[in-house]
Amino acid sequence: MLDVRRLQVLRAVVTSGTVTAAAAHLGYTPSAVSQQIAVLEKQAGTALFERVGRSVRPTAAGLLLTEHAALISSAVAQAESALADLRAGRTGRLSVRYFATSGSTLVAPALARLRAEHPGVRVDLRLTDPEDPLQEVVRGRADLAVVVQAPGRAGDGFRFVHLLDDPYAAVLPQGHALAGEEIIDLNELAGEQWVGSEPPGPCLEPVIDSCAAAGFSPDFVIQSEDYATAQGFVAAGLGVGLMPMLGLRTRHPGVVVRPVRGPEPFRVISAAVRETALEQPALRDLLAALRSAARAAGPGDDPGAD
C-alpha cells in the first residue's frame with residue numbers, strides 16, 4: 001500500500017522543482033527526502049523521477065501520483081474542516097427519542113431552541129418503543145431519549161439526567177362526591193371503580209405503589225393507554241383515575257382534577273443520554289434546552305384549576 005506521507009513528499013518535490021527546495025519546505029534534509037522517494041518508488045514498483053542533467057523530472061507515474069496526492073491532501077483538509085464544524089456544533093446529526101406526553105411540553109420547545117442555536121444540526125426524532133423506551137439508547141442507535149425513569153434502571157454507556165418530577169392528580173367526573181374537595185386523601189378512592197390510563201411499566205408503578213401505601217389496590221374496570229380517552233371514560237361516570245399532570249394539559253370539560261396526598265404519586269422524567277454523545281456541543285445544548293423547558297413546565301398546571 002502506498003504511504004500517504006511519502007506521497008506528500010513526492011508532491012513537494014514535483015511542485016517545488018528540486019529535492020533541495022522540497023526539503024527546505026518540509027523541514028527535512030535533502031537526504032531524507034531522497035530516501036522517502038526511493039522507498040515510495042519501491043512501493044509503486046516503478047520510477048517516479050528521471051534525471052535530467054543536475055535536476056530531476058517526474059515520470060508519467062510520478063505525475064499521476066502527484067495528482068492523487070493533491071486529491072488526498074484536499075480530502076484531508078475537508079475532513080479536518082468537517083471535524084472542526086462537528087466539534088463546534090455547527091454540523092452533525094442527533095437521534096432523539098421521546099414519549100408522547102413529553103412531546104409538546106418538553107421536546108418541542110427544546111428542539112426549537114436547538115434549531116436556533118445549531119441550524120446545521122439535523123435531528124432524527126421519533127417516538128420511543130413503549131415496551132422498552134431505552135433500547136435504542138442502550139444499543140447505540142439513539143443519542144438521547146426522554147423517558148420515564150424506572151427505579152434502579154441504569155446501565156453501562158449511558159446516564160440519566162433528571163428533568164422533571166411529574167405528579168399524578170385524581171381525575172373525577174363532574175358531580176362526584178369528592179369533586180368539591182381542594183385536595184383528596186388517596187385512601188378516599190379505595191372503594192371506587194378505576195379507569196386505567198397507563199400500560200404496565202414505569203408510568204403505572206407510581207399509581208400502584210401509592211395506592212398500596214394508602215392501604216388498597218385500585219380496581220381497574222376500564223383500561224385505556226391514552227389520557228384523552230381515559231378522561232372521556234371518567235367524564236361518562238365510568239370510574240375515577242390518577243393521571244400525570246403532563247397528560248392533563250388538555251382537559252376534558254366533563255372532569256374535575258384534584259391533587260392527592262397520603263402519598264402523592266409522581267413519575268420521574270429524565271433524559272437518557274449516551275456517554276459518548278455528550279462530547280457533542282449540540283447534544284449538551286439540547287440537554288440544557290430540555291432542562292429549561294422542564295423548568296418552564298414546572299410540576300404541571302394547578303390541579304384544582306377547573
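Where is the place of Ser34 in this structure? It is in helix H3, residues 30–44, where helices (H or I, at least four residues) and strands (E, at least two) are DSSP runs numbered from the N terminus. Before I go on, let me say that this is a predicted model, in which local features need pLDDT of at least 70 and side-chain atom pairs count only at pLDDT 80 or more, while totals for chains, interfaces and linings use all residues. Residues are numbered from 1 along each chain as its sequence is written, and side-chain values use heavy atoms, with hydrogens and water left out.

Ser34 has a relative accessibility of 38% and therefore counts as partly exposed, given that buried means under 20% relative accessible area, exposed over 50%, and partly exposed in between, with a 1.4 Å probe and protein chains only. Between the C-alpha atoms of Ser34 and Val13, which are 21 residues apart along the chain, the separation is 9.6 Å.

Two packed helices are described by the angle between their axes and the distance between the axes; here the axes are lines fitted to C-alpha atoms, for helices over the stretch in contact, and angles run from 0 to 180 degrees between N-to-C directions.

Helix H1, residues 4–16, and helix H2 pack at an angle of about 125°, with their axes 8 Å apart, and H1 and H2 are therefore oblique to each other, on a scale where angles under 35 degrees count as roughly parallel, over 145 as roughly antiparallel, 65 to 115 as roughly perpendicular and the rest as oblique.

The axes of H2, residues 19–26, and H3 come within 8 Å and cross at roughly 105°, which makes H2 roughly perpendicular to H3.

Let me turn to helix H7, residues 205–213, in which Pro206, Val207, Ser210 and Cys211 are buried. Seen down the axis of H7, these buried residues fall within an arc of 125°, so they line one face of the helix, the arc being that of the directions from the helix axis to the C-beta atoms. Asp209, Ala212 and Ala213, on the other side of H7, are exposed. The buried residues pack against several strands, including E6 (158–173), E9 (219–223) and E12 (266–274). Just after H7, Gly215 takes a positive phi of about 100°.

Strand E6 also holds Ala169, which is buried, with a relative accessible area of 1%. Ala169 and Gln78 are 91 residues apart in sequence and 55 Å apart in space, C-alpha to C-alpha.

Finally, a point on the backbone: the peptide bond from Gly262 to Pro263 is cis, with omega near -5°, and Pro263 lies in the loop between strand E11 (255–261) and E12.

Technical notes. Contact = heavy atoms within 4.5 Å.
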